[in-house]
Amino acid sequence: MKPILEKLTLEPKFSFVVLKDVLPYYLTPWHYHPEYELVLVVKSTGQRIVGDKIENFTDGDLVLMGPNLPHVYNNDSQYYEGNDDLKAEAIVIHFTEDSLGNGFFDLPEMALVKQLLKTSERGMKIEGKTREIVESKMHSILSKKGSSRIIELLSILDILSATKEYRLLASPGFMMKNNTSGTERITKVHEYIMMNFKKDITLDEVAGIANMVPNSFCRLFKSCTRKTFSSFLNEIRIGYACKLISEERQNIAEICYSSGFNNLSNFNRQFKKITQKSPLQYKREYQSTMD
């Protein structure tokens with residue numbers, strides 16, 4: 001299923017959107033939009049999909065998502081049964097890079113926030129003490145007006161930019177974007193992988209692109225990515241496979257070969273290793289979440 005482009009409305013008197021939803025259940029379908037989105041689940045349970053990452057959510061779940069990242073929050077089945085005692089509550093902030101002025105996030109003082117925005121392109125689940133602090137500020141910003149509202153947003157972004165208490169959600173393969181982090185050599189290799197992961201790629205081949213012998217390349221690659229080359233390549237391929245599954249255009253065998261794998265058994269093995277689900281389990285879980 002292709003995600004739907006959602007067009008968000010902004011009142012002329014505001015530079016960014018802050019809202020609190022209190023609903024019988026979350027209504028928005030599988031969608032994306034050009035705004036950054038910070039979502040605090042105040043109350044409710046269910047499953048969310050961010051890119052190719054399917055996880056359960058409950059009260060206090062906090063996620064920052066970058067522009068055009070497909071996502072959906074679906075409540076558990078009892079929320080759709082007309083139970084008036086169950087409510088789906090959330091506080092949501094939407095903003096763009098121009099919300100506070102053209103080029104604002106390019107200021108030298110905003111360098112860490114700029115990096116945060118880049119990191120959020122894959123979705124970030126905020127955890128630990130950071131989550132607790134930002135949760136409090138998300139409630140606080142609802143009552144802020146004027147410059148206090150802007151200051152509270154900047155405070156939230158400042159806290160998030162300094163923390164290591166987060167997990168990335170969507171895989172690089174799902175995002176299909178070039179990551180320019182790391183050394184120039186690794187960046188060139190990454191670009192080559194993203195262009196060619198659907199066909200055979202050998203270690204000698206990518207080491208040659210980096211102008212290194214294989215052993216030295218492997219050490220450099222792992223120091224930059226914290227993964228072996230083969231593990232990284234498999235994650236890219238499986239992320240892309242998850243994207244193909246979500247589009248529901250091919251069967252599992254076709255997706256296997258379209259993602260760069262040469263045999264179905266290895267595809268199934270790597271898929272389960274990376275997602276903790278078989279391809280069929282992932283497909284059923286995705287379809288049930290979309291129903």
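**Cores, rings and cysteines**

C256 counts as buried, because its relative accessibility is 0%. Buried means under 20% relative accessible area, exposed means over 50%, and partly exposed lies in between (1.4 Å probe, protein chains only). The model is predicted, so local features need pLDDT of at least 70 and side-chain atom pairs count only at pLDDT 80 or more, while totals for chains, interfaces and linings use all residues. Residues are numbered from 1 along each chain as its sequence is written, and side-chain values use heavy atoms, with hydrogens and water left out.

Stay with the cysteines. A disulfide is a pair of cysteine sulfur atoms within 2.5 Å. By this rule, the count of disulfides is zero. C218 counts as partly exposed, because its relative accessibility is 32%.

Now turn to the nonpolar cores. In soluble globular proteins, nonpolar side chains tend to be buried together. A nonpolar core here is a set of buried Ala, Val, Leu, Ile, Met, Phe, Trp, Tyr and Cys residues joined through side-chain atoms within 4.5 Å. The largest such core has 37 residues. Within this core, I193, F217, F229, F267 and F271 touch the most other members. The elements that give two or more residues to this core are α5 (184–196), α6 (203–209), α7 (214–225), α8 (229–247), α9 (252–258), α10 (264–275) and α11 (279–290). Of these, α8 gives the most, with 10 residues. Helices (H or I, at least four residues) and strands (E, at least two) are DSSP runs, numbered from the N terminus.

Look at I193. Leaving aside its neighbours within four places in sequence, I193 is in contact (heavy atoms within 4.5 Å) with I201, F229, F232, L233 and I236. A second, separate core has 26 residues, including I91, F105, V134 and I156.

Next come the rings. A pair of aromatic rings is described by the distance of the centres and the angle of the planes. Rings of Phe, Tyr and Trp (its six-membered ring) pair if their centres lie within 6.5 Å; planes under 30 degrees apart count as stacked, over 60 as edge-to-face and the rest as tilted. By this rule there are 15 aromatic pairs. One of them is F217 with F221, a tilted pair at 5.6 Å centre to centre and 45 degrees between the planes. Both residues lie in helix α7, four residues apart, about one turn of the helix. Are F217 and F221 buried or exposed? F217 and F221 are both buried. Together with F229 and F232, they form one aromatic cluster.

Arginine meets rings too. The charged end of R149 sits over the ring of F14, 4.2 Å from its centre. R149 also lies over the face of F16, at 4.4 Å from the ring centre. A charge sits over a ring if NZ of Lys or CZ of Arg is within 6 Å of the ring centre and within 35 degrees of the ring normal.

Finally, the strands. In strand β8 (residues 71–75), five of five residues are buried. Both faces are covered, with H71, Y73 and N75 on one side and V72 and N74 on the other. Strand β5 (residues 46–50) runs antiparallel to β8, joined by five bridges. Two strands pair if DSSP finds at least two bridges between them. I49 has V72 in β8 as its bridge partner.
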